[in-house]
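The entries follow in the order in which I made them.

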Amino acid sequence: MKPLEGMSAYCVRGHYETKQRDDRFGRLFNHLPPAYTQSHILEAIGAKNGPMDGKSKNDRTDTVPVGMVFFGQFVDHDITLDASTTFDSVVDNPGEIANVRTPTLDLDCIYGLGPEAQPYLFSQDGAFAGAKLLTGADNPGQNGLREHDLLRAPNDRAIIGDPRNDENRVISQIQLAIIRFHNHVCDTLHAEDGLEGHGLYEEARRQTTWHYQWAVVNDFLTDMCGQPVVEQILGCGRQVYCSNVPFIPVEFSVAAYRFGHSMIPMKVQVQKGKAALELFGAILGNGFDALTDPKGVVDWHELLFTPENRQVERAQKLDLKLAGDLLQLPFITSGEASLATRNLLRGNTFLLPGGEKVAEAIGCEPKQIEKVLKRIAKLTKDLEPPLPEHGIPLWLYLLAEAEVIGRAEPDGSTKEGEALGPVGATIVAETIIGLLELDEHSYLGANRNWTPRAEWNTLGKLVTVAQP
């Protein structure tokens, strides 16, 4: 008369149930079986000139500034780094995979291990000793346009907390902008309160980090997930990210948070009145090197909404198409060169559940799910063999959902292609808000009544307040 608990483990491939650790990856949907699609089908879906090839895609959103996509990459580098897995091994238990970054939005990519463990990142002069961060402007012998660049070693490698934040010029300029903001906060606190040395560092780091976290929630998440979704989570709690320790779910890192790959344009205008530059070209695309061309200096007033109210370039629409260059990455010299295929193969590797199964698990209406599946069927109808009807790769499902349903709007409608749909928005927003709520040092974990200073209360203000 009573169901026998646990019998389902013998019917589907289950996942290890382990105590979650904050230095490991994990799962949101342990109860869902993994989906599987043969690799040659995934390769065909993500191939150059295949169904996901948007060629010279140029269909822009109405409200999302292009700089927000690059900021999303910066946030990713702040919370996650998997340095151990490969495409040719199965990851059944992500709890065994080390996350090399701290899974909290603590800006360790900026501060490293702090002034005691890594003093070479910090000034050693006067009241700002051990408080201000160094940039290229502090290094007289540095190559290139040092006043607009990160601090670099003689081999031109950036001396920063996370080397990935120098892999292209735009992300390195975000790193520089956040460093400059921290130093601006140091100047402000020293002038207003007379703080100096270690005390100044601690308070400046807290202020910088909390303003950054505020921008992540109130600018980034509202843009990418929708204001109603963010307000629902903050007001009514999380429904799927239910952990007592902060951790990075593989459904987030391997699928949902890779939505930005569809929103990246292949040309970006980084200076007012100047021509757009190739993202993978010589000026913006050559990472891990000193800034030598003045055209590579990013003016954030051009990429984000700021008090200057310029005509800001928008991100590409979030849909099933990627810019053609991303399906033949120029810097991949061996192995799979399609970013789409790499994302899809990772879904197999990490035993991710099918997108429609995740949608059912979070309570999406059957009509919504059917609409998404029809769009995917249309995309892959000419494949031979075709994509199976069940166990749709999660990343593919989330892109299709964004295209045909789209971002939740304050008036109760949804906006197709503007940003993430219900499943993607739930995973991304709950994970990031959960990381903050479970961190006793964040503003949501330490002081939920905190509000930012008016002059620093948006991402656009934060990255331009100290811009020369």
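Entry 1. I looked up tryptophan 210 and found it buried, with a relative accessible area of 6%; buried means under 20%, exposed over 50% and partly exposed in between, with a 1.4 Å probe and protein chains only. The model is predicted, so I note that local features need pLDDT of at least 70 and side-chain atom pairs count only at pLDDT 80 or more, while totals for chains, interfaces and linings use all residues. Residues are numbered from 1 along each chain as its sequence is written, and side-chain values use heavy atoms, with hydrogens and water left out.

Entry 2. Rings of Phe, Tyr and Trp (its six-membered ring) pair if their centres lie within 6.5 Å; planes under 30 degrees apart count as stacked, over 60 as edge-to-face and the rest as tilted. The rings of tryptophan 210 and tryptophan 450 have centres 5.4 Å apart and planes at 75°, so I recorded the pair as edge-to-face. Tryptophan 210 belongs to helix α5 (residues 197-225) and tryptophan 450 to the loop between α13 (443-446) and α14 (459-464), so the pair ties together parts 240 residues apart in sequence. Helices are DSSP runs (H or I, at least four residues), numbered from the N terminus. Tryptophan 450 is also buried, at 11% relative accessible area.

Entry 3. I then checked for charges over rings, which requires NZ of Lys or CZ of Arg within 6 Å of the ring centre and within 35 degrees of the ring normal. Arginine 206 lies over the face of tryptophan 210, 4.5 Å from the ring centre. Arginine 453 has its charged end over the ring of tryptophan 456, 4.6 Å from the centre.

Entry 4. Which residues does glutamine 207 contact, leaving aside its neighbours within four places in sequence? I found Val185, Leu189 and Trp456, where contact means heavy atoms within 4.5 Å. Glutamine 207 is in helix α5 and counts as buried at 13% relative accessibility.

Entry 5. I examined how helix α4 (residues 169-193) meets α5: their axes come within 9 Å and cross at roughly 125°. Axes are lines fitted to C-alpha atoms, for helices over the stretch in contact, and angles run from 0 to 180 degrees between N-to-C directions. Among the residues making this contact are Val185 and Leu189 of α4 and Gln207 of α5.

How values were computed. Helices (H or I, at least four residues) and strands (E, at least two) are DSSP runs, numbered from the N terminus.
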